[in-house]
Amino acid sequence: MSSVSAPARSAAASSWAAALPLLCAVHCLAAPIVALIAPALALPSLAEHAVQFGSVVLAGTMALSGIRAHGDRRVLVPMALGAVLWIASDPLAWTGAALTAGHVLGGLLLAAGMAWNGHLRHQATCGACACPAHSHD
């Protein structure tokens, strides 16, 4: 039996869920900077694959958390398409502009799905928030 009460566990879960968008925001802000300096660092392709894997894991975690709150599984469509396009660009042996376009379009689709998921999650739970983004009539 757990020594932590149900409300305390619920509060901890809510805190974790609230931290996910912050992690996403930090990642999304850092990614373009890292992409600009990555060639100068001469990082191995394994580093890029690690970033891709981490992004997909973060997106999946956020999707599951969001779907529990809002129930709309359609957010998985752009996220899955983006992840597949972004990751599959390398095994498809695309080069040059096609590889860059695959990575950019895939990343944008993944990010758009994550943003849509976050928006729906916020709408589903907003009745109890005090966010300044909109009024609560």
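**View 1. Helix H3 packs its buried residues against helix H2 (45-70) and helix H4 (96-125).** Welcome to this predicted model, where local features need pLDDT of at least 70, side-chain atom pairs count only at pLDDT 80 or more, and totals for chains, interfaces and linings use all residues. Residues are numbered from 1 along each chain as its sequence is written, and side-chain values use heavy atoms, leaving out hydrogens and water. Helices here are DSSP runs (H or I, at least four residues), numbered from the N terminus.

View 2. Pro78, Met79, Gly82, Ala83 and Trp86 are the buried residues of H3, buried meaning under 20% relative accessible area and exposed over 50% (1.4 Å probe, protein chains only). Their directions from the helix axis to the C-beta atoms fall within an arc of 130 degrees, so these buried residues line one face of the helix. Turned away from that buried side, Leu81 and Val84 are exposed.

**View 3. H3 from end to end.** Residues 76-88 form this helix of 13 residues, which reaches 17 Å from first to last C-alpha, close to the 18 Å expected at 1.5 Å a residue. That expected span is 1.5 Å times one less than the number of residues.

**View 4. His103 and its neighbours.** His103 sits in helix H4 and is buried, with a relative accessible area of 15%. Which residues does His103 touch, not counting those up to four places away in sequence? They are Glu48, Gln52, Trp86, Ser89 and Asp90, where a contact means heavy atoms within 4.5 Å. Trp86 is also among the buried residues of H3.

How values were computed
Helix = DSSP H or I, 4+ residues; strand = E, 2+ residues; numbered from the N terminus.
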